[in-house]
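Subject: Structure handover

Hello,

Here is the structure I promised you. Please open it alongside this email, and my notes follow below.

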Amino acid sequence: MKTRSLLGRSARIAAVLTAALGLAVAAAPLTGTAQAQEAATGTLSFSGDAGEYVTGGQSATYTAGEVQQFDVQGATDGSAVGTTVVTNEGERWTLHLAAPDGQRLTEDTTYTGALRWPYAQPQDPELEFGEDTRWCNSSTGSFTVSHIAFGPYGYVREIDATFEQYCDGATVPARGELHARMPEPPAELSLGMTLDSAGKVDSHTGRITVGGSVTCNKQAQVTVSGNVDQVQKNATAVGYYQTTVACTPGAPVPWTVSLTSVEPGTAFRSGAATLRGAAEADDRDWPVTVNTGQQTTQVTLDKA
């Protein structure tokens with residue numbers, strides 16, 4: 001099985017998970033990310049001294065399972081983690097932590113000189129913390145990742161972190177902590193494909209019918225494509241095909257296609273031919289496309 005990533009590393013990663021959550025806030029979208037997941041357990045707590053803008057000088061703790069939403073999302077390259085908490089009163093708090101470009105977030109690491117997007121440069125870590133109606137125009141700060149564990153494609157299994165943010169040149173900071181444990185990540189898509197060694201040909205039209213089957217470990221819309229060629233005495237008949245198969249796990253799902261030769265003056269005949277094909281599908285849970293690679297078999301075309 002071959003796996004190809006659909007999303008490369010983003011040049012800059014913003015604080016708010018606008019891409020995943022459809023929010024309209026003044027920040028660039030978080031791109032190149034694994035799917036956001038609701039935390040199994042976790043807390044986001046923060047406090048601020050009098051005069052601190054984002055917290056209003058107040059403190060709060062929000063617990064997964066006791067609020068409307070407690071989502072955690074990671075960048076596919078392991079460089080960033082975003083958390084969105086929607087309270088029962090409808091407030092939406094967002095925390096974004098990112099390593100400098102080209103680096104993964106690592107545990108037992110303190111990131112100093114963290115700036116808010118878009119002021120952070122490639123060598124700077126990024127920190128953004130705020131609520132939909134209370135955001136810094138610019139900020140400085142630091143954060144410490146005491147523990148982090150990733151799954152496939154940046155899936156955040158566990159994270160423990162603390163942060164300190166100074167908003168718009170203020171001298172009093174907002175301080176906070178994030179602790180989250182996520183559900184077991186979804187399985188990665190696995191595909192299989194076979195090509196049948198027997199086919200049919202209509203001797204009057206030269207149209208052939210060939211097929212095979214696909215297998216998968218979870219539901220997927222699978223595209224099967226390939227070609228058939230048949231070397232004849234004075235020419236070679238060649239045909240191309242593509243079809244979509246709704247694959248469900250548990251048993252091979254058959255597929256068939258009908259095609260004619262695209263080479264002028266040729267038509268398929270009964271006898272041996274070469275069938276080639278490959279299967280490909282997007283993983284519904286991960287930002288990748290999975291393909292089987294090309295397979296080849298000799299097929300015998302019998303008269304229909």
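Start at glutamine 232. Neighbours within four places in sequence aside, glutamine 232 is in contact with Ala237, Ala267, Phe268 and Arg269. Take alanine 267 from that set: it sits 35 residues from glutamine 232 along the chain, and the two C-alpha atoms are 9.6 Å apart. Glutamine 232 belongs to the loop between strand S16 (220–231) and S17. Its relative accessibility is 14%, so glutamine 232 counts as buried. Its side chain also has a polar partner: the side chain of glutamine 230, at 2.9 Å.

One caution before you go on. This is a predicted model. Please read every value below as computed from it.

Now the disulfides. How many are there? The count is two. With the bonded cysteines numbered in sequence order, the pairing runs 1-2, 3-4.

The pair of cysteine 136 and cysteine 167:
- The S to S distance is 2.2 Å.
- The torsion about the S-S bond is about -135°, so this disulfide is left-handed.
- Cysteine 136 is in the loop between strand S9 (126–131) and strand S10 (139–150), and cysteine 167 is in strand S11 (residues 156–167), so the bond ties together parts that are 31 residues apart in sequence.
- Cysteine 136 has a relative accessible area of 3%, which is under the 20% cut-off, so it is buried.
- Cysteine 167 is buried too, with a relative accessible area of 4%.

The pair of cysteine 216 and cysteine 247:
- A disulfide joins these two, with S to S at 2.2 Å.
- This link is left-handed, with -110° about the S-S bond.
- It connects distant parts of the chain: cysteine 216 lies in strand S15 (residues 208–216) and cysteine 247 in strand S17 (residues 236–247), 31 residues apart.
- Both cysteine 216 and cysteine 247 are buried.

Next, the backbone. Most residues other than glycine have a negative phi, and most peptide bonds are trans.

Where is proline 118 found? It is in the loop between strand S8 (109–115) and S9.

Tyrosine 153 is not a glycine, yet its phi is positive, at about 50°. You will find tyrosine 153 in the loop between S10 and S11. Is tyrosine 153 buried or partly exposed? Tyrosine 153 is partly exposed, with a relative accessible area of 22%.

Aspartate 168 is another residue other than glycine with a positive phi, near 50°. Aspartate 168 is in the loop between S11 and strand S12 (174–181). Its relative accessible area is 39%, so aspartate 168 is partly exposed.

Last, asparagine 291. This residue is in strand S20 (residues 288–291). Asparagine 291 is buried, with a relative accessible area of 13%. What lies 3.2 Å from a polar atom of its side chain? The backbone nitrogen of glycine 293 does.

Go on to the disulfide of cysteine 136 and cysteine 167. Then view the disulfide of cysteine 216 and cysteine 247.

Best wishes

Technical notes. Residues are numbered from 1 along each chain as its sequence is written. This is a predicted model: local features need pLDDT of at least 70, side-chain atom pairs count only at pLDDT 80 or more; totals for chains, interfaces and linings use all residues. Side-chain values use heavy atoms; hydrogens and water are left out. A disulfide is a pair of cysteine sulfur atoms within 2.5 Å. Helices (H or I, at least four residues) and strands (E, at least two) are DSSP runs, numbered from the N terminus. Buried means under 20% relative accessible area, exposed over 50%, partly exposed in between (1.4 Å probe, protein chains only). A polar contact is a pair of N or O atoms within 3.5 Å; within protein, one must be able to donate a hydrogen and the other to accept it, and residues adjacent in sequence count only if both atoms are side-chain atoms. Contact means heavy atoms within 4.5 Å.
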